[in-house]
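Please keep the sequence and the 3D view open while reading.

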Amino acid sequence: MPKVDPELRQEWKDGERRTFSLIVKVSGDIEARRETLEDMGCQVKRAYRLTNSVSVRCSGATALSLTRRPWITRVERDSNVRAFGG
Amino acid sequence: MPNPRKLSDELLVSLGRTSADSQIPVIVRYIPDRVVMRAKGPTMRGVSESYNYRMAPLVHMHATPEALRNLEEDPEIVRIYRDLPVRALMDTALPIVRAPQVVDLGYDGSGIRIAIIDTGIDVDHPDFSGRVAGTADLVGEGPDDENGHGTHCAGVALGSGAASAGRYRGIAPGALLYSAKVLHRSGQGMMSDVMAGIEWAVEQGVHIVSLSLGGPGPSDGHDALCDICDAAVESGVVVVVAAGNDGPGSFTVGSPGAARRVLTVGASTDEDAVAPFSSRGPTADNRVKPDLVAPGLRITAARAGETELGSPVDPYYTECSGTSMATPLVAGICALLMQKEPQLTADQVKARLMATAIDLGEHPCVQGQGRIDALRAIHDEQGEAPDTGDPNDGSPGDGTSPRPGCLTSVTSLFTRRHKG
């Protein structure tokens with residue numbers, strides 16, 4: 001499985017200054033990775049211990065740089081969900 | 001000739017079955033501001049008014065077929081509906097899945113903790129009195145339910161029916177309720193907030209997580225939301241997820257319904273057919289989903305205060321449809337089973353419910369293993385193996401294995417049906 005969906009990567013390239021909401025899966029200590037992500041320019045929303053992942057907001061340019069870090073194993077869009085009844 | 005634009009479908013059916021001197025109960029919608037004049041009293045032969053609604057231009061009345069034809073010609077009348085009996089959760093859905101028989105055995109979910117990850121709950125609803133063990137607001141709107149969806153789901157799973165003298169009781173009224181608000185009042189939200197709600201619920205030590213939400217299909221079950229659902233199961237929590245309402249097309253199960261280890265629930269009708277709107281498998285990577293189906297059509301359960309979701313029955317209850325309603329029903333049955341057999345693992349609970357489901361004769365990517373049956377699950381009655389319906393593979397799908405024949409089979413199934 002690729003680290004990032006090619007379509008999403010293209011969106012980052014097309015909008016390097018746009019802000020994206022992403023979920024980043026990391027290896028290693030989650031708190032240390034969280035701090036590193038903040039240092040890289042990400043606004044960290046939450047960290048998830050169950051899956052060792054972090055939800056962030058960052059620019060397209062920052063997102064592109066994330067994928068070059070070996071301890072980042074996957075980056076995906078923070079997608080919309082909806083209720084299934086009414 | 002009846003005017004189909006004014007008479008509801010149900011009323012047209014009733015008209016054909018009613019004698020000339022019998023009266024049909026109807027609800028008449030007038031153009032705005034005209035209903036006040038109507039309230040002065042009926043003047044038309046064959047009509048007797050019984051109630052004038054104050055919040056909408058509606059009048060409840062009884063009318064003979066001839067009177068209805070005259071009412072149709074009234075330019076101040078917009079629409080005439082047949083007054084229909086409402087269906088109670090206790091009256092229809094619970095007996096279908098044989099939950100009352102399990103309650104009679106002494107199981108009501110006591111000692112089991114259920115998390116509803118949704119739009120929040122109405123903590124003041126009498127049906128949850130004394131059983132709200134924890135709430136979390138992960139969207140910054142406060143824990144109250146301003147949509148109504150979460151409260152309804154909670155009512156289906158574990159409502160006591162206190163505000164209806166037990167009529168609209170849920171499946172496991174002894175269970176404790178944990179509510180994580182992850183969807184906004186609009187009923188929409190972000191995957192990251194749902195993930196936080198699931199993690200919060202696991203940290204609270206819940207036994208069951210119920211998720212009546214998701215994204216569009218298809219999903220291959222490899223996204224972050226599916227991952228955290230599977231991780232919750234790995235930690236010992238039963239995760240029950242709605243398949244979605246994007247049926248009847250195939251490949252309509254999204255995330256997190258496509259997660260491998262969750263129990264994915266489609267919706268069935270009171271007639272034990274799979275609801276047309278219920279999302280169908282296979283998943284994007286050609287696995288069978290849903291895992292089973294449960295009643296999800298016109299379910300009456302708790303209504304959050306000052307909300308208008310579904311078709312309100314009274315201030316405390318409303319009627320809703322969707323795989324959202326089928327899901328907490330299954331979560332409630334999980335609670336009954338886990339009360340009886342607390343040693344079961346999350347995977348074993350899922351396997352038991354699937355293995356004891358009633359085969360509805362549909363393809364596995366439509367019905368899963370069939371419609372849930374609480375009594376068979378409690379007694380572990382696996383006698384008659386459900387038909388998997390897959391000509392390529394005789395083994396039951398458990399959501400973890402690719403099913404190469406699924407795509408072909410489902411496509412041909414729908415093609416056949418479309419051709420009639």
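## The layout of chain A

Read from the N terminus, the elements of chain A follow the order α-β-α-β-β-α-β-β, which amounts to 3 helices and 5 strands. The model is a predicted one, and the description below should be read with that in mind.

The C-alpha atoms of chain A occupy a box of roughly 45 × 30 × 25 Å along the principal axes. Of the 86 residues in chain A, 35% are buried. When contacts between residues at least 6 apart in sequence are considered in chain A, 64% of them join residues at least 24 apart.

## The sheet of chain A

In chain A, 4 strands make an open sheet whose order is β2-β3-β1-β4, with antiparallel pairing. The strands β2 and β4 (72-77) of chain A are the edge strands, since each of them pairs on one side only. From one strand to the next, the twist averages 25 degrees. Strands of a sheet pair through backbone hydrogen bonds, and the pairing may be parallel or antiparallel.

One pairing in this sheet can be followed in detail: β1(A) and β4(A) run antiparallel and are joined by 5 bridges, and Lys25(A) stands opposite Arg74(A) in β4(A). Helix α2 of chain A, residues 30-39, lies across β1, β2 and β3 of chain A, and its direction is at about 165 degrees to β2(A).

## Where chain A touches chain B

How many residues does each chain bring to the contact? Chain A contributes 22 residues and chain B contributes 37 residues. On the side of chain A that touches chain B, the elements giving two or more residues are β1 (19-26), β2 (43-48), β3 (53-59) and β5 (80-83) of chain A. The largest share of that side, 4 residues, comes from β5(A). By kind, the residues on the side of chain A that touches chain B divide into 7 nonpolar, 8 polar and 7 charged.

Strand β5(A) also pairs across the two chains, for 3 bridges join it to strand β8 of chain B, residues 188-190, and the two run antiparallel. Within this pairing, Arg82(A) stands opposite Gln188(B) in β8(B).

Strand β5 of chain B, residues 113-118, runs parallel to β9(B) and is joined to it by 4 bridges, with Ile208(B) in β9(B) as the bridge partner of Ile114(B). Strand β11 of chain B, residues 238-242, likewise pairs with β9(B) in the parallel sense over 4 bridges, and in β11(B) the bridge partner of Val209(B) is Val239(B).

Helix α8 of chain B, residues 224-234, has 10 of its 11 residues buried, so it is largely enclosed by the rest of the structure. Among the buried residues of α8(B) are Leu225(B), Ile228(B), Asp230(B) and Val233(B). After α8(B) comes Gly236(B), whose phi is positive, near 110 degrees.

## Two crossing helices and one residue of chain B

Helix α6 (residues 149-158) and helix α9 (residues 323-340) of chain B have axes that come within 7 Å and cross at roughly 35 degrees, and the crossing of α6(B) and α9(B) is right-handed. Residues of α6(B) that meet α9(B) include Cys153(B), Val156(B) and Leu158(B), while those on the α9(B) side include Met325(B), Leu329(B) and Gly332(B). The residues of this contact divide into 9 nonpolar, 3 polar and no charged.

Leaving aside residues up to four places away in sequence, Leu71(B) touches Val28(B), Ala63(B), Ile77(B) and Ile80(B).

Terms used. Residues numbered from 1 in each chain as written. Chains lettered and ligands numbered in written order. Predicted model: local features only at pLDDT ≥ 70, side-chain atom pairs only at ≥ 80, totals over all residues. Buried ≥ 20, exposed ≤ 12 C-beta atoms within 10 Å, placed from the backbone. Contact = placed C-beta atoms within 7 Å. Pairing = 2+ DSSP bridges. Nonpolar A, V, L, I, M, F, W, Y, C, P; charged D, E, K, R; others polar. Axes fitted to C-alpha atoms, helices over the stretch in contact; angles between N-to-C directions. Left-handed = near helix turned anticlockwise from the far one by under 90°.
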